Amino acid sequence: MEQELSTAASPTVDAMAVDHTGIAVHDLDAAVAFYTSAMGLVEVHREVNTEQQVTEAMLATAAEQRDPAPAPPPARLQLLTPTSPESAIARFLQRSGPGLHHIAYRVNDVEAAATALRQRGNRLLYATGRPGTSDSVINFIHPKDTGGTLIELVQPARIAR
Ligand code: V0V
Ligand code: CO
């Protein structure tokens with residue numbers, strides 16, 4: 001029988017919203033072209049994350065673009081392509097091919113969220129948060145501890161964007 005890991009007294013993650021979904025792609029420009037032309041999304045940000053060894057493009061809905069101060073900010077789409085064969089995204093593409101890679105939840109305090117999860121017996125991939133998109137701080141819960149989905153925790157540089 002499976003061991004019960006959490007108790008009612010354990011703290012929980014205070015998730016505010018889905019921040020983004022991450023999709024692994026071989027060809028970033030082709031993926032951006034599809035989502036902008038077919039889905040009407042808008043590329044709002046692009047950066048190379050040297051630690052994660054990825055180039056990412058962040059896309060927002062046209063609806064977000066029309067609203068100057070959406071509260072809370074709506075979920076975005078993150079397209080990721082590897083910059084090196086050692087990248088987690090390169091390994092994923094090799095094993096599974098392109099497609100949904102992770103779901104990121106926006107939190108106020110990524111260290112508090114990680115502490116709560118560790119107390120519940122969930123494995124975090126990093127001891128402390130790492131640099132994420134647009135100067136955010138990120139960590140991940142191992143997909144084997146979530147029922148098969150890689151979950152990212154993201155603390156935005158500015159919570160109110
Ligand atoms: C691997 N597995 C996954 C998975 N990646 N399951 C669901 N979703 C994924 N994305 C499964 C895999 O099929 C294996 O299952 C098992 O986990 C162990 O795999 P592994 O051989 O250890 O695979 P690795 O070496 O690729 O490691 C997997 C982890 C790795 C999750 C540990 O991808 C990692 O460190 N990820 C964190 C960093 C990251 O993902 N960076 C890219 C996004 P079976 O076969 O044993 O059943 S960067 C990002 O989002 C940024 C910068 C941002 O938002 O700001
Ligand atoms: Co992400």
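**Exercises on the ligand 1 site**

α3, β5, β7 and β8 each give at least two residues to the shell around ligand 1, helices (H or I, at least four residues) and strands (E, at least two) being DSSP runs numbered from the N terminus. The model is predicted, and local features need pLDDT of at least 70, with side-chain atom pairs counted only at pLDDT 80 or more. Residues are numbered from 1 along each chain as its sequence is written.

**Exercise 1.** Determine which element supplies the largest share of the shell around ligand 1.

*Solution.* Step 1: 22 residues surround ligand 1, the closest being Q52, R91, T133, K144 and E152; a residue is near if one of its heavy atoms lies within 4 Å. Step 2: α3 supplies the largest share, 5 residues. Step 3: by class, the shell holds 9 nonpolar, 9 polar and 4 charged residues.

**Exercise 2.** Identify polar side-chain and backbone atoms that lie close to oxygen atoms of ligand 1, taking N or O pairs within 3.5 Å as polar contacts.

*Solution.* Step 1: in H20, a polar side-chain atom is 3.0 Å from a ligand 1 oxygen. Step 2: a side-chain N or O atom of H102 is likewise 3.0 Å from an oxygen atom of ligand 1. Step 3: T133 contributes a backbone N or O atom, 2.7 Å from an oxygen of ligand 1. Step 4: ligand 1 taken alone exposes 1,000 Å², of which the protein buries 73% (Shrake-Rupley method, 1.4 Å probe).

Terms used: Chains lettered and ligands numbered in written order. Heavy atoms only, no water. Polar contact = N/O pair within 3.5 Å; in protein donor to acceptor, adjacent residues only side chain to side chain. Nonpolar A, V, L, I, M, F, W, Y, C, P; charged D, E, K, R; others polar.
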